[in-house]
Every structure is written in structure tokens, then in C-alpha cells.
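Biologist: I am new to this structure, and I would like to learn how to read its features one at a time. Could we go through them together, with the general idea before each case?

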Amino acid sequence: MLDAIRYLVAGGISWRSMPVDCPGWDRVYAFFRRWRQHGLITEFHDRLRDRVRVREGREAEPTAGIIDA
């Protein structure tokens with residue numbers, strides 16, 4: 001499911017344009033929707049960001065932010 005969602009986001013395609021080697025678009029969308037409703041998409045993002053930062057030798061949590069108008 002994650003690979004199918006990553007493919008969708010990276011390719012900028014619509015849900016119905018999923019390739020045949022992925023599960024059906026309606027199933028992938030149902031999982032994505034459920035995960036989003038339960039906050040899992042945000043949790044996935046935060047955990048991956050933390051791992052990347054630690055791998056780069058930085059603190060897991062950012063200590064500053066930049067706002068550009």
C-alpha cells in the first residue's frame with residue numbers, strides 16, 4: 001500500500017490511473033483515507049523525518065524554523 005501511495009504522489013497521477021501491478025485504486029484510496037483520518041500519515045512523515053535527521057548527525061526534532069513570505 002505504501003509503495004502504491006508513493007507511486008501516486010511521485011508521479012502526480014490520479015487515483016484511477018494506478019498501474020495494474022498495484023492493488024485496486026479504490027482499495028489503496030480506502031487505506032490512505034483511513035490512515036489520514038487516524039493521523040497515521042502525519043506520524044509516518046514525522047518518524048521518517050526524525051530518522052533522516054538522526055542519520056545526518058542532527059537532532060531528531062528541529063530546533064528552529066524559517067518562515068518566508
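Biologist: How many positive and negative side chains does the protein have, and how far apart do the centres of the two sets lie?
Modeller: In this count Lys and Arg are positive and Asp and Glu negative, while His and the chain ends are not counted; each charge is placed at NZ of Lys, CZ of Arg, CG of Asp or CD of Glu. The protein has 12 positive and 10 negative side chains, and the centres of the two sets lie 6 Å apart. Please keep in mind that this is a predicted model, in which local features need pLDDT of at least 70 and side-chain atom pairs count only at pLDDT 80 or more, while totals for chains, interfaces and linings use all residues. Residues are numbered from 1 along each chain as its sequence is written, and side-chain values use heavy atoms, with hydrogens and water left out.

Biologist: Which secondary structure does the protein have?
Modeller: Helices (H or I, at least four residues) and strands (E, at least two) are DSSP runs, numbered from the N terminus. Here there are three helices and zero strands, which gives the pattern α-α-α along the sequence.

Biologist: What share of the residues counts as buried?
Modeller: Buried means under 20% relative accessible area, exposed over 50%, and partly exposed in between, with a 1.4 Å probe and protein chains only. Of the 69 residues of the protein, 16% are buried by this rule.

Biologist: How many aromatic pairs does the structure hold, and how is such a pair read?
Modeller: One describes a pair of aromatic rings by the distance of the centres and the angle of the planes. Rings of Phe, Tyr and Trp (its six-membered ring) pair if their centres lie within 6.5 Å, and planes under 30 degrees apart are stacked, over 60 edge-to-face, and the rest tilted. The structure holds four such pairs. In one of them, the ring centres of Trp 15 and Tyr 29 are 5.0 Å apart with planes at 75°, so this pair is edge-to-face. Trp 15 sits in the loop between α1 (2-11) and α2 (25-37), whereas Tyr 29, 14 residues away, belongs to helix α2.

Biologist: What of Trp 15 and Phe 32?
Modeller: Their pair is tilted, at 5.5 Å centre to centre and 45° between the planes, and Phe 32 also lies in helix α2, 17 residues from Trp 15. Phe 32 is buried at 17% relative accessibility, while Tyr 29 is partly exposed at 29%. Trp 15, Tyr 29 and Phe 32 form one aromatic cluster.
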